[in-house]
Amino acid sequence: MRRKGKQREDGELQNKKFLCEVAFLCDITNHLNALNMQLQGRGHIITDMYAAVKAFKTKLRLWETQMLQDNLSHFPCCQTMKEQVSGAVFPSAQFAEKLDILWSDFTRRFADFEAQKSRFELLSNPFAADVESTPSNLQMELIELQCSDTLKAKYESVGAAEFPRFLPDTMPQLRTQAAQTLSMFGSTYLCEQLFSLMKINKTSHRSRLTDEHLHAILRISSSQSLTPNIDELVSTMRHKVSGSD
């Protein structure tokens with residue numbers, strides 16, 4: 001009887017630990033889903049994605065420290081489960097270790113981001129960049145940029161993504177650097193969206209769809225900001241006068 005009671009107690013203990021693990025999985029999945037939503041969508045440049053990943057890694061370190069301190073303020077499911085079981089059953093140390101492993105995985109997978117850190121910082125905030133740590137071919141132009149109140153005001157009004165368009169011709173190196181950084185794809189979201197649009201439009205029922213038409217459809221569908229010039233389109237149309245031969 002004593003052995004059966006011990007087995008039942010161990011079974012209940014394992015069941016409680018399993019429920020705690022499910023609660024932890026729910027919380028961390030919600031955090032990962034929030035990050036995933038930040039990385040998707042139109043209008044994001046690679047520096048925005050780098051900032052989102054960097055912030056998430058910082059959060060992981062905070063969560064790890066708080067987990068060891070039994071602070072579950074950012075893990076509501078775990079908090080609810082801990083209130084239902086004893087503190088000795090809730091595996092805080094185990095979950096803190098999982099968070100550390102997740103941080104290591106993010107560091108390894110986004111190592112390329114860290115290698116481009118100085119390039120990203122130069123695009124996201126060129127007026128705060130350290131001139132001495134900048135490549136020598138950019139230093140003179142960067143000094144001129146940081147000393148220009150006009151360009152600084154323009155940067156504050158249009159933002160990092162649009163600012164390179166307003167760089168003068170006297171700063172060709174900075175313009176090239178910005179163009180190279182903006183052309184980087186930080187996510188496969190746009191590519192996947194483009195293939196989905198192509199699959200929807202290119203079907204067996206559209207036998208007269210030429211490559212030129214498909215290119216135009218995809219360009220319109222994937223454009224982030226395309227406003228038709230109605231007046232110009234109307235002016236180029238040939239009008240048929242009623243009653244004319």
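The questions below go from the whole chain to single residues.

Author: This is a predicted model, in which local features need pLDDT of at least 70, side-chain atom pairs count only at pLDDT 80 or more, and totals for chains, interfaces and linings use all residues. Residues are numbered from 1 along each chain as its sequence is written, and side-chain values use heavy atoms, with hydrogens and water left out.

Reader: How many helices and strands does the protein have?
Author: Helices (H or I, at least four residues) and strands (E, at least two) are DSSP runs numbered from the N terminus. Along the sequence the pattern reads α-α-α-α-α-α-α-α-α-α-α-α. The count is twelve helices and zero strands.

Reader: What percentage of the residues in the protein is buried?
Author: Buried means under 20% relative accessible area, exposed means over 50%, and partly exposed is in between, with a 1.4 Å probe and protein chains only. Of the 245 residues in the protein, the buried share is 28%.

Reader: Which residues does leucine 60 contact, leaving aside neighbours within four places in sequence?
Author: Contact means heavy atoms within 4.5 Å. With those sequence neighbours set aside, the partners of leucine 60 are Ile28, Leu99, Leu102, Trp103 and Phe106.

Reader: Are H2 and H4 roughly parallel or roughly antiparallel?
Author: Axes are lines fitted to C-alpha atoms, for helices over the stretch in contact, and angles run from 0 to 180 degrees between N-to-C directions. Angles under 35 degrees count as roughly parallel, over 145 as roughly antiparallel, 65 to 115 as roughly perpendicular and the rest as oblique. The axes of H2 and H4 come within 8 Å and cross at roughly 160 degrees. That makes the pair roughly antiparallel.

Reader: How many nonpolar residues are in the contact of H2 with H4?
Author: Ala, Val, Leu, Ile, Met, Phe, Trp, Tyr, Cys and Pro count as nonpolar, Asp, Glu, Lys and Arg as charged, and the others, Gly among them, as polar. Residues of H2 including Phe56, Leu60 and Met67 meet residues of H4 including Phe95, Leu99 and Trp103. Beside two polar and four charged residues, the nonpolar ones number 13.

Reader: How are H7 and H9 oriented to each other?
Author: The axes of helix H7 (residues 136-146) and helix H9 (residues 172-182) come within 8 Å and cross at roughly 100 degrees. The two helices are therefore roughly perpendicular.

Reader: Which residues of H9 make the contact with H7?
Author: On the H7 side are Asn137, Leu138, Glu141, Leu142 and Leu145. By class, the contact has five nonpolar, three polar and one charged residue. The H9 side consists of Pro172, Gln173, Leu174 and Gln177.

Reader: Is alanine 179 buried or partly exposed?
Author: Alanine 179 lies in helix H9. Its relative accessibility is 46%, so alanine 179 counts as partly exposed.

Reader: What is the phi of aspartate 70?
Author: Aspartate 70 sits in the loop between H2 and H3. With a relative accessible area of 40%, aspartate 70 is partly exposed. Although aspartate 70 is not a glycine, its phi is positive, at about 60 degrees.
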